[in-house]
Amino acid sequence: RKSPAPTLFFWEISKRKKKKKKKNNRKKKKGPSGPVKEQTDPPTIPVCELYPSGIFPVAEEMDYHQDFNLFRTTNAELREAERLIKDVYQDVRQAAEVHRQVRQHMKKKMVPGVKLIDMCEELENLSRTLIKENGMQAGIAFPTGCSLNHVAAHYTPNKGDNTVLKYDDVMKIDFGTQINGRIIDSAFTVSFNPRYDPLLEASKEATNTGIKEAGIDVRLCDVGAAIQEVMESYEVEIDGTTYPVKSIRNLTGHSIAPYQIHAGKSVPIVKGGETTKMEEGEFFAIETFGSTGKGFIREDMECSHYMKDFHVQRVPLRMPKAKHLLGVIERNFGTLAFCRRFLDRIGEEKYLMALKNLCQAGIIVPYPPLCDVKGSYVAQYEHTILLRPTCKEVLSRGDDY
């Protein structure tokens, strides 16, 4: 004989239903950590929509190898410190994922015969799309550098510059992305003639050495010495002449702060630099330049890069056009770098005299192209790293470099 079913009061039934509902809600909160859909080709979907959970990929984590940092890897207190600032990490990881996707697509377009101005504008427009440009909250961190051959850095075409990429050119592509002022600064070198391969390898390996040696409480001069040793172990043969690869001694990597691409500390690429130490929580751009020339750069050619001085106080301006232009710069770029093409794009006209006036007043700083001797070739590789409490993260690392 079956026993009668137990009597359930109404309040017990409703309590069970509530428990079930709560359980289901907890399951729904678990969002995917990877992309929920694939990027299109060409890329059109903003990276934030590919990762709706807000959890972006970690490119590479490296343990600190210095004896005085070994405790950091397993320290629970330091892991907790990282969890408290996870939003900052996600911002910069999002900017890094945009950088990776942009360069992956644009490398297909970097072929002999392409006009540099068209290439730069396509790259910048793609960056704006994938980062979902939103004023100063998300966008481009600085103009696209496409310096050729003996020009090491700070060259981007101005309006009317019809320079075309050639088979025998060595081109440095240096561009940046930012989310909430957290900047990714990363660069690589493009060449087509295999004779330049040892030059590119020298810079790439020197940069990787700098990343390996970097760490909390490491002296900047020690990083520079390690970089130089690797860089200058290479040589390259061009047209029957063998050239030693030299580190460009007056170019450096640098610390990065919110909305400030050069935040005060310099990472040398030769021995004998400053003895200042790297600190926990700092961002650094580790970049190296290998040259077949003198290994020393000077400013030359027409200027295209400009940036508002981060520390400048209010300066009285007499020229109305200069006042107007300063307002435009502050609203659109703040203290991030810009170029003449960016001003053209937002509709500014006949601004060169006003821009010169702002430079003379010390409000805007011009950054002309940096050149070694003509006839030489320079290669560059660069990554942005973060010195987390427990490890260092190579934010801009990709499958390509």
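How many nonpolar, polar and charged residues does the lining of the second largest pocket have? I counted by class and got 3 nonpolar, 6 polar and 8 charged. Here Ala, Val, Leu, Ile, Met, Phe, Trp, Tyr, Cys and Pro are nonpolar, Asp, Glu, Lys and Arg are charged, and the others, Gly among them, are polar.

**Ground rules.** I am working on a predicted model, where local features need pLDDT of at least 70, side-chain atom pairs count only at pLDDT 80 or more, and totals for chains, interfaces and linings use all residues. Residues are numbered from 1 along each chain as its sequence is written, and side-chain values use heavy atoms, without hydrogens and water.

**Pockets.** A pocket is an open set of points on a 1 Å grid over the protein atoms alone, where a 1.4 Å probe fits, with protein on both sides within 12 Å along at least five of seven lines; lining residues have an atom within 4 Å of a point. Volume is the space filled by probe spheres set on the points, joined across faces, edges and corners.

I put the second largest pocket at about 370 Å³. Its lining has 17 residues, with Glu 97, Arg 100, Gln 101, Gln 104 and Asp 399 nearest the centre.

The largest pocket holds about 510 Å³. Of its 26 lining residues, Ala 153, His 154, His 262, Tyr 367 and Leu 370 are closest to the centre. Strand E2 gives the largest share of that lining, 4 residues. By class I find 12 nonpolar, 8 polar and 6 charged residues there. Helices (H or I, at least four residues) and strands (E, at least two) are DSSP runs, numbered from the N terminus.

**Sheet.** I followed an open, antiparallel sheet of 3 strands, ordered E14-E13-E15. E14 (338-339) and E15 (364-367) are the edges; each has a single partner strand, so one side of each has no neighbour in the sheet. Pairing takes at least two DSSP bridges; E13 and E15 have 4. Tyr 306 has Pro 366 in E15 as its bridge partner.

**Backbone.** Which peptide bond is cis? The one joining Asp 41 and Pro 42, with omega about 5 degrees. Pro 42 sits in the loop between helices H1 and H2.

Asn 149, in the E2 to E3 loop, has phi near 55 degrees. Is Asn 149 buried or exposed? Its relative accessibility is 17%, so I log Asn 149 as buried (under 20% relative accessible area; exposed is over 50%, partly exposed in between; 1.4 Å probe, protein chains only). Asp 217 has phi near 70 degrees and lies between H6 and H7. At 38%, Asp 217 is partly exposed.
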